[in-house]
Amino acid sequence: MNQSNQAREWLRAMNLGHPIVIAGPCSAETQDQLLETARGLTKTKTSVLRAGLWKPRTRPGNFEGVGALGLPWLKRAKEETGLLTTTEVAHPHHVELALEHDVDLLWIGARTTVSPFIIQDIADALRGTDKVVLIKNPVNPDLSLWMGALERFEKVGITQLGAIHRGFSSYEKTKYRNIPEWQIAIDFQSRRPDVPLILDPSHMGGRRDLIFELSQTGLDLNYDGLMIESHIDPDNAWSDAAQQVTPERLGEIITALKMRETDVSTEEFHNNLDALRAKIDVIDTQLIETLGRRMGIAVQIGQLKHNNNVAILQSDRWTSILERMVSAGLKEGLSEEFTQKLFKAIHQESINQQKSIKDS
Ligand code: PEP
Ligand code: MN
């Protein structure tokens, strides 16, 4: 058995299916809310029930979770529905309580992954156990911090690990609550293909209407599973109301997703092809966005030249850009001819946009 099979063994041993679906409310609110949600989820492909008990809120005063009071509710939901359970631990004391109450998997929240001190304390509290630990990416786009958290658990002997990609915080307002930065997760996957990767489209999108498309991208990129927030009455949820869906809607989303069968050899080629194409799609989107930003700056320069009555074309500057890019391109394995053509096209578009600037 190779390294990649070994680390995935917990997924198989626990019979969690592919893709693994972890679902449940952002927060456990009452015993009834949790039990009813869990009952609804048994009609879907969900195999693990999630519920936050200790909620890491960005600002104090928001609902901070029911805490240890919810532990027996999780246990009861497990006994009644057969779903495994998971909750977020953010402190060694949470670990102690979760272990006492047989929570099956633990997850580390994004605000915790950023702190090596807390991660170390949590890892120390888990030493000697065989818990499955799922580590969310840190709030800031830093691959090393994410890898570092994983390594701290490995160092204390926790080998049943998984990673959850929930997107990254940015000051800039985008359509996502947390921007995906797919490239970071793809880099994680290529460095640690042995660690199952799970997508959390709920915290990434922050809106229930983005869950489907984000989940499909995750599956196309060969993710091993999804963690999706589900609540019996999403609009009245005590936390993250806008991004939660009813168990029924969750069932519809999962059914509509195009699944990837990872272990059927005839499908392997297509799966690999789809995964590579999905990577290309991510990079192409980045390229267009980068070009759009470059063009925006070119327009600002055009405005400045216009206001100061300076000619649009400054040939020295253009020649030096071209030379610099051709030599950078050669280092990346791109031919001189290609880089020349590409930058001439970009430059032409900048000139066209600058020419259209009129007196304001
Ligand atoms: C959560 O899963 O409810 C949560 C708080 O997530 P994150 O750590 O990704 O913000
Ligand atoms: Mn949440």
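Reader: Which residue stands opposite Gly 225 in β8?

Author: First, some ground rules: this is a predicted model, where local features need pLDDT of at least 70 and side-chain atom pairs count only at pLDDT 80 or more, while totals for chains, interfaces and linings use all residues. Residues are numbered from 1 along each chain as its sequence is written, chains are lettered from A and ligands numbered from 1 in the order in which they are written, and side-chain values use heavy atoms, with hydrogens and water left out. Strand β7 (residues 197-199) runs parallel to β8, joined by two bridges (two strands pair if DSSP finds at least two bridges between them). Opposite Gly 225 in β8 stands Ile 198.

Reader: How many helices and strands does the protein have?

Author: Both kinds of element are DSSP runs numbered from the N terminus, a helix being H or I with at least four residues and a strand being E with at least two. By that count, the secondary structure comes to 15 helices and eight strands.

Reader: What share of the residues is buried?

Author: Relative accessible area decides it, taken with a 1.4 Å probe and protein chains only: under 20% is buried, over 50% is exposed, and in between is partly exposed. Of the 360 residues in the protein, the buried share is 47%.

Reader: How many residues of strand β5 are buried?

Author: Side chains in a regular strand alternate between the two faces of the sheet. In β5, Val 132, Leu 134 and Lys 136 point one way, while Val 133 and Ile 135 point the other way, and all are buried. The strand (residues 132-136) is therefore largely enclosed by the rest of the structure, its buried count being five of five.

Reader: Which residue in β6 is the bridge partner of Ile 135?

Author: β5 has a parallel neighbour in strand β4 (residues 105-108), joined by four bridges, and there Trp 107 stands opposite Leu 134. Four bridges also join β5 to strand β6 (residues 161-165), again running parallel. The β6 partner of Ile 135 is Ala 163.

Reader: How much of ligand 1 does the protein bury?

Author: The ligand is surrounded by 13 residues, the closest being Arg 50, Lys 55, Arg 111, Lys 136 and Arg 166 (near means a heavy atom within 4 Å). Oxygen atoms of ligand 1 lie 2.8 Å from a polar side-chain atom of Arg 50, 2.8 Å from a side-chain N or O atom of Lys 55 and 2.9 Å from a polar backbone atom of Ala 110. Taken alone, ligand 1 exposes 290 Å² (Shrake-Rupley, 1.4 Å probe; for residues, only the protein chains shown count as cover), and the part the protein buries is 97%.

Reader: Is Ser 239 buried or exposed?

Author: Ser 239 sits in the loop between β8 (225-229) and α12 (247-256). Leaving out residues up to four places away in sequence, Ser 239 touches Cys 26, Ser 27, Glu 29, Lys 55, Arg 57 and Gln 244 (contact means heavy atoms within 4.5 Å). Because its relative accessibility is 3%, Ser 239 counts as buried.

Reader: How far apart are the C-alpha atoms of Val 326 and Phe 338?

Author: Val 326 belongs to helix α14 (residues 315-331) and is buried, with a relative accessible area of 9%. Beyond its neighbours within four places in sequence, Val 326 is in contact with Glu 336, Thr 339 and Gln 340. Val 326 and Phe 338 are twelve residues apart along the chain, and their C-alpha separation is 8.7 Å.

Reader: How far apart in space are Thr 339 and Leu 105?

Author: Thr 339 is found in helix α15 (residues 336-355) and is buried at 3% relative accessible area. Its contacts, leaving aside neighbours within four places in sequence, are Met 325, Val 326, Gly 329 and Leu 334. Leu 105 is 234 residues away in sequence, and C-alpha to C-alpha the distance is 50 Å.

Terms used:
A polar contact is a pair of N or O atoms within 3.5 Å; within protein, one must be able to donate a hydrogen and the other to accept it, and residues adjacent in sequence count only if both atoms are side-chain atoms.
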